[in-house]
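Me: I am new to this structure and would like to go through it step by step. Could you show it to me?

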Amino acid sequence: MTTFLLVLDLAGTFVFAISGAMAGVRFRLDLFGVMVVSLVAATAGGIFRDVLIGAVPPNAINDWRYIVVSVAAGLVAFRWHTAIERLRQPVLIFDGAGLALFAVTGTARALNYDVEPVGAILLGVLSGVGGGALRDILVAKPPTVLRSELYAVTAMAAAVVVVSGDLLELPPRPVALIGAGVCFALRLAAIKRGWELPSPR
Amino acid sequence: MTTFLLVLDLAGTFVFAISGAMAGVRFRLDLFGVMVVSLVAATAGGIFRDVLIGAVPPNAINDWRYIVVSVAAGLVAFRWHTAIERLRQPVLIFDGAGLALFAVTGTARALNYDVEPVGAILLGVLSGVGGGALRDILVAKPPTVLRSELYAVTAMAAAVVVVSGDLLELPPRPVALIGAGVCFALRLAAIKRGWELPSPR
Amino acid sequence: MTTFLLVLDLAGTFVFAISGAMAGVRFRLDLFGVMVVSLVAATAGGIFRDVLIGAVPPNAINDWRYIVVSVAAGLVAFRWHTAIERLRQPVLIFDGAGLALFAVTGTARALNYDVEPVGAILLGVLSGVGGGALRDILVAKPPTVLRSELYAVTAMAAAVVVVSGDLLELPPRPVALIGAGVCFALRLAAIKRGWELPSPR
């Protein structure tokens, strides 16, 4: 993994850990329960991705930086959760940032392991949504990925940007930032405006 | 994977995707939610199987045919769900067909990767029940594998047929079809007649 | 895996299978449902561990001894569940024994696969808590790992003992037994006295 991707991946780990800790606090868990949900939210997406491409043991387990970042974020959120709550939808906003970052790094990492373009997009989406889905299952909420406006579509947008950039041989760093930016902006807009897809009649 | 097994595996993907989409429609998800449940139901069993035998990235992620079949089946079910609903228990019937097909292909694929006979049976059962179990968890239903009459036993019947055929060196194609046929017939009979196993007093 | 570790791992499989069967009986599942929960509780932690270190197919699937031990324990618990119920908290007590044994074997196995110390501790904890968490999700209970007094901390204590012993090059067998003993004693004390961690205000 390049240093650039590692930085994005650690940033995604940080924000997902906060989203997980906030979900645990709202579910009235004790300190360790909050840390477990935080760690699961922060690492599950990357673990799924690494297992599926055969990169074992996964970075999130074998690289101490992931663990330190994740635990630190969880402790910060546990300590200052009342301040973080003042953001309007803290779980969703931190989740959206993590979704954008992990969709990008997951897609790029799959491409580095010679996964086909369509498979790389799927893995990017799975990396993005996996941690949040498991977080929601742990705190007995219906996973946002099923219920929420265009959630997985925004992750797919980021993955498509990264795969397109790779096929067109564009420079990977700006492409990654654009992909993550597009995804996060779409997600914030979807949260704010309540965009929805058609439901079955 | 031989062409014959691939065809059975894609057929299983198709029917599981329909079962997943119908479960999503009943849960009143929007289009993307329905597609997510459909994709999970269609691919999770095969992904579990491939990860457990070390065949990564799994076919269901890295082979575009699985993705196309799964998405097409999901869209068909979303568009024509009222027609499909006229079948008496559409989720269970399509699920039963997928169970039969995946139990057979899962067992055969495990044998091809030199898994021991008992392990191959377990992997066949897991391939068969995995997608449906995750589908049910996503739409907050108790998994059929826990609640339903002889569900996992029918998958095991298919797996035992395939392993026995392999040990006796019988021709694999008719054995596979017999295994899938036995499993599907048992499952339909169990649904219709409400067969049950003993419960604890 | 050394014979010593194998014996501990099979003992953990046995007690987790009993905890799973008792949870299934309480959830009023039929025989096969009980066996499924029993098998999941007994094998999921080890399967997670083996997949994450790349030891596929996992022992719990490819070694008939795990399957025989797990099925035998499930049948015993199904048949004599009224006698086992007379223990005050049978699911929790057998779960605690499994937690202690799997935390130790999981950590030791990760070290044997050259996982870093912190990663080995995480894998030990995951091996210990994985089967019980999946068992609880299957019977629709909030996972003990989230709700209960110091649950994951006791698994971590066992893992830290094993990793410390390894770093200090102490003889592995007594270290493993001490680790498991510490964890089980802490867990029993936590169950009995209701120890708790701080909750968010």
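Me: Which pattern does chain A follow, read along the sequence?
Reply: Chain A reads α-α-α-α-α-α-α-α-α-α along the sequence. Its secondary structure comes to ten helices and zero strands. Helices (H or I, at least four residues) and strands (E, at least two) are DSSP runs, numbered from the N terminus. Please note that this is a predicted model, in which local features need pLDDT of at least 70 and side-chain atom pairs count only at pLDDT 80 or more, while totals for chains, interfaces and linings use all residues. Residues are numbered from 1 along each chain as its sequence is written, and chains are lettered from A and ligands numbered from 1 in the order in which they are written.

Me: And what does the C-alpha trace of chain A span along its principal axes?
Reply: The span is about 45 × 45 × 25 Å. 

Me: How does the radius of gyration of chain A stand against the globule rule?
Reply: The radius of gyration of chain A is 16 Å, close to the 17 Å that the globule rule gives for 201 residues, so chain A is as compact as a globular protein of that length. The radius is taken over C-alpha atoms, and the rule is 2.2 Å times the number of residues to the power 0.38.

Me: Let us turn to helix packing. At what angle do H1 and H2 of chain A pack?
Reply: Helix H1 (residues 3-26) and helix H2 (residues 31-53) of chain A pack at about 145°, and their axes are 7 Å apart. Axes are lines fitted to C-alpha atoms, for helices over the stretch in contact, and angles run from 0 to 180 degrees between N-to-C directions.

Me: Is the crossing of H1(A) and H2(A) left-handed or right-handed?
Reply: The crossing of H1(A) and H2(A) is right-handed. A crossing is left-handed if the near helix is turned anticlockwise from the far one by less than a right angle, and right-handed if clockwise.

Me: Which residues make the contact?
Reply: Those of H1(A) include A:Phe16, A:Gly20 and A:Ala21, and those of H2(A) include A:Val34, A:Val37 and A:Ala41. Two residues are in contact if their C-beta atoms, placed from the backbone, lie within 7 Å. By class, the contact of H1(A) with H2(A) has ten nonpolar, seven polar and one charged residues. Here Ala, Val, Leu, Ile, Met, Phe, Trp, Tyr, Cys and Pro count as nonpolar, Asp, Glu, Lys and Arg as charged, and the others, Gly among them, as polar.

Me: How do H6 and H10 of chain C pack?
Reply: Helix H6 (residues 90-112) and helix H10 (residues 172-193) of chain C pack at an angle of about 150°, with axes 9 Å apart. That makes H6(C) roughly antiparallel to H10(C); angles under 35 degrees count as roughly parallel, over 145 as roughly antiparallel, 65 to 115 as roughly perpendicular and the rest as oblique. H6(C) passes H10(C) in a right-handed crossing.

Me: Which residues meet there?
Reply: Among them are C:Leu92, C:Leu99 and C:Val104 in H6(C), and C:Cys183, C:Phe184 and C:Arg187 in H10(C). The residues of the contact of H6(C) with H10(C) divide into 15 nonpolar, two polar and one charged.

Me: Now the interfaces. How many residues of chain B are in contact with chain C?
Reply: There are 23 residues of chain B in contact with 21 residues of chain C. Helices H2 (31-53), H7 (117-138), H8 (144-147) and H9 (151-167) of chain B each supply at least two residues of the side that touches chain C. H7(B) gives the most to that side, with four residues. By class, the side has 17 nonpolar, three polar and three charged residues.

Me: How many residues of chain C are in contact with chain A?
Reply: Here 23 residues of chain C are in contact with 21 residues of chain A. The largest share of the side of chain C that touches chain A, four residues, comes from H7(C).

Me: What rotation superposes chain C on chain A?
Reply: A rotation of 120° with 0.0 Å of shift along its axis does so, with an RMSD of 0.0 Å. The two copies are thus related as by a three-fold rotation axis. Copies are superposed by least squares on the C-alpha atoms of residues with pLDDT of at least 70 in both.

Me: Why do we say that the copies meet through different surfaces?
Reply: Only 4% of the interface residues of chain C are also interface residues in chain A, so the copies meet through different surfaces.

Me: Last topic, the backbone. Where is the cis peptide bond in chain B?
Reply: A cis peptide bond joins B:Val56 and B:Pro57, with omega about -10°. B:Pro57 is found in the loop between H2 and helix H3 (59-62) of chain B.

Me: What is the phi of B:Arg28?
Reply: B:Arg28 has a positive phi of about 65° although it is not a glycine. B:Arg28 is found in the loop between helix H1 (3-26) and H2 of chain B.
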